[in-house]
Amino acid sequence: MKSGDLKYLIALHRAMNLTFIRFKKLQKLFGNEWREAFRADLKTLREADLDPHGVDNFLANRDNVDPDYEIELLERCNANVLVYETD
């Protein structure tokens, strides 16, 4: 994963309640380009075959989630992030 993409994956998790199923669907559409996934529009997110409720929640919450802040919070407490990847 690109070093800058982790913060967007964490922000996706925070804004969408990123379940494993949602993660796999987004990964299928975006690869591991989590920045693109975080910034995607409604039409693109629908292409990922996500449940409409999850997409609506994400779009409603996205502007309230700052990827830089999310990664900073984890770094402050020395947290490790485990990410399922197929690469």
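Let me begin with a question: does Phe20 count as buried, partly exposed or exposed, and what is its relative accessibility? Phe20 counts as partly exposed, because its relative accessibility is 48%. Here, buried means under 20% relative accessible area, exposed means over 50%, and partly exposed lies in between, with a 1.4 Å probe and protein chains only.

Before going further, a word on the source. This is a predicted model, in which local features need pLDDT of at least 70 and side-chain atom pairs count only at pLDDT 80 or more, while totals for chains, interfaces and linings use all residues. Residues are numbered from 1 along each chain as its sequence is written, and side-chain values use heavy atoms, with hydrogens and water left out.

I turn to the overall architecture. The chain contains 6 helices and 0 strands, so that from the N terminus the order of elements reads α-α-α-α-α-α, where helices (H or I, at least four residues) and strands (E, at least two) are DSSP runs numbered from the N terminus. The C-alpha trace spans about 35 × 30 × 20 Å along its principal axes. The radius of gyration is 12 Å, which agrees with the value near 12 Å for a compact globule of 87 residues; the radius is taken over C-alpha atoms, and the globule rule is 2.2 Å times the number of residues to the power 0.38.

Of the 87 residues, 36% are buried. The accessible surface comes to about 5,700 Å², and carbon and sulfur atoms account for 48% of that surface; such areas come from the Shrake-Rupley method with a 1.4 Å probe, and for residues only the protein chains shown count as cover. Among contacts between residues at least 6 apart in sequence, 64% join residues at least 24 apart, a contact being heavy atoms within 4.5 Å.

Next, the aromatic rings. The whole structure holds 4 aromatic pairs. One of them joins Tyr8 and Phe38, a tilted pair with 5.7 Å from centre to centre and 55° between the planes. This pair links distant parts of the chain, with Tyr8 in helix H1 (residues 5-16) and Phe38 in helix H3 (residues 34-39), 30 residues apart. Tyr8 counts as buried because its relative accessibility is 9%, and Phe38 counts as buried at 7%. Phe20 and Phe23 form a stacked pair, 6.4 Å centre to centre with 20° between the planes. Because Phe20 and Phe23 are 3 residues apart in helix H2, about one helical turn separates them. Phe23 is buried, with a relative accessible area of 7%. As for the criteria, rings of Phe, Tyr and Trp (its six-membered ring) pair if their centres lie within 6.5 Å; planes under 30 degrees apart count as stacked, over 60 as edge-to-face and the rest as tilted. Ring pairs also link Tyr8, Phe38 and Phe58 into a cluster.

Glu36 counts as partly exposed, at 47% relative accessibility.

Arg22, in helix H2 (residues 20-30), counts as buried because its relative accessibility is 13%. Not counting residues up to four places away in sequence, Arg22 touches Met16, Asn17, Leu50, Asp51 and Gly54. Glu70, in helix H6 (residues 67-76), is buried with a relative accessible area of 8%. With the residues up to four places away again not counted, Glu70 touches Ile10, Ala11, Arg14 and Val65.

Finally, the loops. Where does Asn17 lie? Asn17 is in the loop between H1 and H2, and has a positive phi of about 55° although it is not a glycine. Leaving aside neighbours within four places in sequence, Asn17 is in contact with Leu12 and Arg22. Asp49 is likewise a residue other than glycine with a positive phi, near 60°. Asp49 sits in the loop between helix H4 (42-47) and helix H5 (52-61), and is exposed, with a relative accessible area of 53%.

Thank you for your attention.
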